[in-house]
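Reader: I'd like to learn how to read contacts, cores and charged pairs in a model like this one. Could you walk me through it?

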Amino acid sequence: MDNQTVLAALRERFAAEILAVNEFRGDLSLTFTPKGYLAAAQFLRDDPDLAYTFLENLCGVDYLGRKPRFEVVAHLTSMRHRHRVCLKVGCDEPEPTVPSLTPLFPTANYQERETFDLLGIRFDGHPSLTRILLPDDWVGHPLRKDHPLGDEEIAFTFNQERIYARKPFVRE
Amino acid sequence: MGIEEKAGNLGIVTTTLETVVNWGRTNAMWPLLFGLACCAIEMMGAQASNYDLSRFGMELNRASPRQADLMIVAGRVSRKMAPVVRRLYDQMPEPKWVIAMGDCAACGGIFNNYAIVQGVDEVVPVDVYVAGCPPRPEALIDGIMMLHQKVMREKISGKKESPIRIDQPLVQVK
């Protein structure tokens, strides 16, 4: 199995859905439309000549200042043919939404929840899209590039009185 | 050890109740068995045979907060972990003490960001802060000794003493 075989098989069926193809150091990555992303993942999994049955990784990226702003990246692996392909799909504000891969790959469940938790990308068709790493009452999605770091001023001897005056120390 | 006088060979020792109670508390102080990050490795080192915390009656780490009276917060406390730490503290019976071990537990350390509590004293009242990243076992034992001194000063009336101030640095460099 090599990149050209996969690319030819995908181009044959999803020519209209492929937005970009990139090959870097032997790794193939394809950018899809949201509709084509789900269909291509289904095709890659079910076609016996391809058999990309393992979702190796799913994560989100925030390209602040770019259109579309967010991108979801999924790596599919074919154990039978010892080959890997990367699927990307873009989504934009205010409600970044991407079809969920959980019906195809159960392992996508937690990884999509993590992506939702940290980046605020919603996944259509996910069984229970709730926070997984952060506390349930957390406000915001901290892996976004425009999220404040939330650091506190460091107390030294010259400014500790001012800082400690408004620090929420616990009372016994 | 607070023994004022021995009465001949009758084997009678006189002392104050306060001293005996405090002596008992310091010499059987059982820490709660939990570690949050890399400081816990140094805490295990302090308990292992090289440094041997059991010299001070602390060989037992209790796995249940209801049997522990010392909480050593060893490591950074994330915002998600903070309610758990507080709950463990609430479940410990009185009297109870807390040591913030390491820079992260004391003030946030290198993790000055949204995810880490900037000092565990926002969650539980801390008695002794041990500096270091991570502190060596000697430093932790020094903090425990300092806590023992503090416990020895406790009054049966409940009156609070002023904090121990170290005017001279512990290590004298000539």
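**Reading the interface and beyond**

Author: Let's start where the chains meet: the rule finds two salt bridges across the interface of chain B and chain A. A salt bridge here is a side-chain nitrogen of Lys or Arg within 4 Å of a carboxyl oxygen of Asp or Glu. Before we go on, this is a predicted model, where local features need pLDDT of at least 70 and side-chain atom pairs count only at pLDDT 80 or more, while totals for chains, interfaces and linings use all residues. Residues are numbered from 1 along each chain as its sequence is written, chains are lettered from A and ligands numbered from 1 in the order in which they are written, and side-chain values use heavy atoms, with hydrogens and water left out.

Reader: Which side chains meet in a salt bridge with a 4.0 Å N to O distance?

Author: Those of A:E152 and B:R79. The general idea is simple: side chains of opposite charge can pair when their charged atoms come close.

Reader: How many residues does the contact take from chain B and from chain A?

Author: Contact means heavy atoms within 4.5 Å. By that rule, chain A gives 16 residues and chain B gives twelve. For area, we use what two parts lose in accessible area (1.4 Å probe) on being put together, summed over both. Chain B and chain A bury about 1,300 Å² that way, with 56% of it on carbon and sulfur atoms. On the chain B side, B:K80, B:N112 and B:Y114 lose the most area to chain A, together 47% of what that side buries.

Reader: And how many residue pairs are in polar contact between chain B and chain A?

Author: Seven, with both residues at pLDDT 80 or more. A polar contact is a pair of N or O atoms within 3.5 Å; within protein, one must be able to donate a hydrogen and the other to accept it, and residues adjacent in sequence count only if both atoms are side-chain atoms.

Reader: Back to salt bridges, then. What does the count come to over all chains?

Author: It comes to 21 by this rule. One of them joins the side chains of A:E56 and A:R84, at 3.1 Å, N to O. A:E56 sits in strand β3 of chain A and A:R84 in strand β5 of chain A, so the pair ties together parts 28 residues apart in sequence. Strands (E, at least two residues) and helices (H or I, at least four) are DSSP runs, numbered from the N terminus.

Reader: Which parts of chain B does the pair B:R25 and B:E154 link?

Author: Their side chains meet in a salt bridge at 3.5 Å, N to O. This pair links distant parts of the chain: B:R25 is in helix α1 (residues 17–26) of chain B, and B:E154 is in the segment after α5 (137–152), 129 residues apart. B:R25 is partly exposed at 30%, and B:E154 is partly exposed at 26%.

Reader: OK, now the greasy part. Which residues have the most contacts inside the largest nonpolar core?

Author: A nonpolar core is a set of buried Ala, Val, Leu, Ile, Met, Phe, Trp, Tyr and Cys residues joined through side-chain atoms within 4.5 Å. The largest has 36 residues, and A:L10, A:Y37 and A:L101 have the most contacts inside it. Elements giving two or more residues to this core include α1 (3–14), α2 (34–46) and β5 (83–91) of chain A. Apart from it lies another core, of 21 residues, among them B:M58, B:L70, B:V130 and B:L147.

Reader: What is A:L101 in contact with, leaving aside its neighbours within four places in sequence?

Author: Its partners include A:Y37, A:L38, A:L58 and A:E112.

Reader: Last one: how many disulfides does the structure hold?

Author: Zero, over all chains. A disulfide is a pair of cysteine sulfur atoms within 2.5 Å. The sulfur of B:C39 is 5.4 Å from the closest cysteine sulfur, in B:C38, so that is too far for a bond. For A:C91 the closest cysteine sulfur is in A:C59, 12 Å away, also too far. A:C91 is buried at 4% relative accessibility, and B:C39 is buried at 7%.

How values were computed: Buried means under 20% relative accessible area, exposed over 50%, partly exposed in between (1.4 Å probe, protein chains only).
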